[in-house]
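Please read it alongside the sequence and the model.

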Amino acid sequence: MRTQVGIIGAGPAGLLLSHLLHLRGISSVVLEKRSRDYVERRVRAGVLEQGTVDTLVEAGVGERLLREGLPHHGIELRYGGAGHRIAFEKLVPGRSITVYGQQEVVKDLIAARLAAGGDLRFEVEDVAVHSLESDPYLTFGGERLDCDVIAGCDGFHGVSRPAVPEGVLSVYERDYPFAWLGILARVAPSSEELIYTRTERGFALHSMRSPTVSRFYLQVPADARVEEWPDERIWAELRARLESVPGFTLTTGEITEKGVTPMRAFVAEPMQYGRLYLAGDAAHIVPPTGAKGLNLAVADVRVLTEALAAYFADGSTGLLDGYSDACLKRVWRAQHFSWWMTTLLHTFEDEDPYGRRLQLSYLDYVTSSEAAATTLAENYVGLP
Ligand code: FAD
Ligand code: DHB
């Protein structure tokens with residue numbers, strides 16, 4: 001079997017790459033170890049930057065996103081007994097974000113690939129990459145797929161990054177001493193906009209998916225397990241953190257999904273080796289506070305598509321050679337923004353009173369200075 005681009009992973013990065021390549025007349029095969037049902041139900045991100053929405057719409061997969069996605073023109077920062085709105089329409093006119101579940105993006109992309117006769121293989125076993133320097137190929141479940149190029153879109157725990165010979169990649173990473181417990185609940189959102197809350201009990205985030213489904217996150221200890229968090233405990237803790245301004249009442253409902261996500265930052269440089277190109281979480285992850293992970297995956301894929309289109313058009317390798325450098329600028333900006341949002345809003349156990357006062361002082365600055373609020377807003381909606 002032979003294809004132009006062998007893609008490992010049917011997350012947002014792998015599926016979007018396969019779709020964008022198809023639009024350029026370039027063939028690909030996507031190999032995914034999980035079932036279609038599993039990837040379509042995996043609840044994760046929800047905030048799409050303007051650039052991500054534009055990419056999906058331009059690629060013809062934004063019809064449901066435009067119909068069902070929820071455009072947001074601001075977020076609330078809540079701390080010290082008061083809420084403060086970061087108003088995108090005033091600070092970054094014409095730019096906004098759209099709340100639309102990652103698994104809905106995944107469903108839309110899978111539907112588009114299958115409608116176009118795309119080759120997506122689910123529940124594929126033992127994917128391995130070979131001969132990255134020249135004539136690369138993939139093996140899986142006893143089969144062999146020869147490729148011109150391999151795209152490692154297999155997330156943080158995939159097989160493509162570890163296949164790069166030792167000593168080639170420089171790795172930068174940081175683990176945070178806490179995790180996020182995320183839930184989905186069948187209840188109307190208690191607020192029209194997302195609320196990022198800092199309290200002495202820890203961080204909480206009120207998000208949503210639709211007029212009848214809400215999404216919440218709680219800062220929990222790094223070793224927290226879902227079993228330690230029965231529904232009543234989750235609602236009590238969300239109340240304690242979110243009902244921290246006068247007049248705000250949290251409406252509760254049936255919890256339909258729970259999961260714990262570790263908070264970690266990671267970058268592997270360069271994002272390429274030989275004929276292998278890494279995209280999305282396979283190359284870098286951010287703590288979720290700035291909502292950047294999915295958006296970075298989409299940005300990588302945009303760059304990789306242009307580079308591959310040039311390569312397959314006339315054999316030119318300039319854009320492919322510069323792929324990693326072209327992506328890493330945005331990656332590091334997002335790393336800094338995610339670190340900044342995380343340290344601004346979470347409680348750190350080893351923080352001394354001086355550190356806590358610094359954190360509150362910075363929150364006061366961000367919510368009172370237009371320049372500081374603009375910095376937050378333009379990073380949140382996404383840099384061009
Ligand atoms: P993934 O989605 O991880 O996809 C990789 C795929 O590869 C998976 O389907 C996996 O099953 C498959 N795979 C792995 N190993 C193999 C193998 N050996 N063989 C074959 N297939 C393999 N980002 C945002 O932008 N905004 C947000 O609001 C946001 N919130 C988040 C909230 C949470 C709770 C979490 C966990 C993440 C959040 N993120 C957010 C991050 C975002 O979900 C990820 O950055 C995004 O999923 C990256 O996409 P990807 O395609 O690179 O990787
Ligand atoms: C969501 C996730 C995030 O990481 C974030 O910062 C905002 C919203 C969400 O899943 O809705």
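Helix α8 provides the largest share of the shell around ligand 1, with 4 residues; helices (H or I, at least four residues) and strands (E, at least two) are DSSP runs, numbered from the N terminus. This is a predicted model, in which local features need pLDDT of at least 70, side-chain atom pairs count only at pLDDT 80 or more, and totals for chains, interfaces and linings use all residues. Residues are numbered from 1 along each chain as its sequence is written, chains are lettered from A and ligands numbered from 1 in the order in which they are written, and side-chain values use heavy atoms, with hydrogens and water left out.

**Ligand 1**

- Ligand 1 is surrounded by 34 residues, and the closest are E32, R42, Q102, D281 and L294; a residue counts as near if one of its heavy atoms lies within 4 Å of the molecule.
- At least two shell residues come from each of α1 (12-23), β15 (213-221) and α8 (293-314).
- By class, this shell holds 15 nonpolar, 10 polar and 9 charged residues. Ala, Val, Leu, Ile, Met, Phe, Trp, Tyr, Cys and Pro count as nonpolar, Asp, Glu, Lys and Arg as charged, and the others, Gly among them, as polar.
- The side chain of E32 places an N or O atom 2.6 Å from an oxygen atom of ligand 1; a polar contact is a pair of N or O atoms within 3.5 Å, and within protein one must be able to donate a hydrogen and the other to accept it, while residues adjacent in sequence count only if both atoms are side-chain atoms.
- For R44, a polar side-chain atom is 2.8 Å from an oxygen atom of ligand 1, and for P12 a polar backbone atom is 3.2 Å from an oxygen atom of ligand 1.
- Ligand 1 taken alone exposes 1000 Å², of which the protein buries 91%; accessible areas come from the Shrake-Rupley method with a 1.4 Å probe, and for residues only the protein chains shown count as cover.

**Ligand 2**

- Around ligand 2 there are 15 residues, the closest being Y196, S207, R209, Y217 and P288.
- The class counts for the shell of ligand 2 are 9 nonpolar, 3 polar and 3 charged residues.
- S207 has a polar side-chain atom 2.6 Å from an oxygen atom of ligand 2, and Y217 likewise has a polar side-chain atom 2.6 Å from an oxygen atom of ligand 2.
- P288 contributes through its backbone, with an N or O atom 2.7 Å from an oxygen atom of ligand 2.
- On its own, ligand 2 has 290 Å² of accessible area, and the protein covers 97% of it.
- Two or more shell residues come from β14 (202-210) and from β15; β14 gives the most, with 3 residues.

**Backbone geometry**

- Most residues other than glycine have a negative phi, and most peptide bonds are trans.
- E269 and P270 are joined by a cis peptide bond, with omega about -10°; P270 sits in the loop between β16 (254-269) and β17 (272-273).
- S131, not a glycine, has a positive phi of about 55° and is found in the loop between β9 (128-130) and β10 (137-140).
- D135 lies in the loop between β9 and β10, and its phi is also positive, near 45°.
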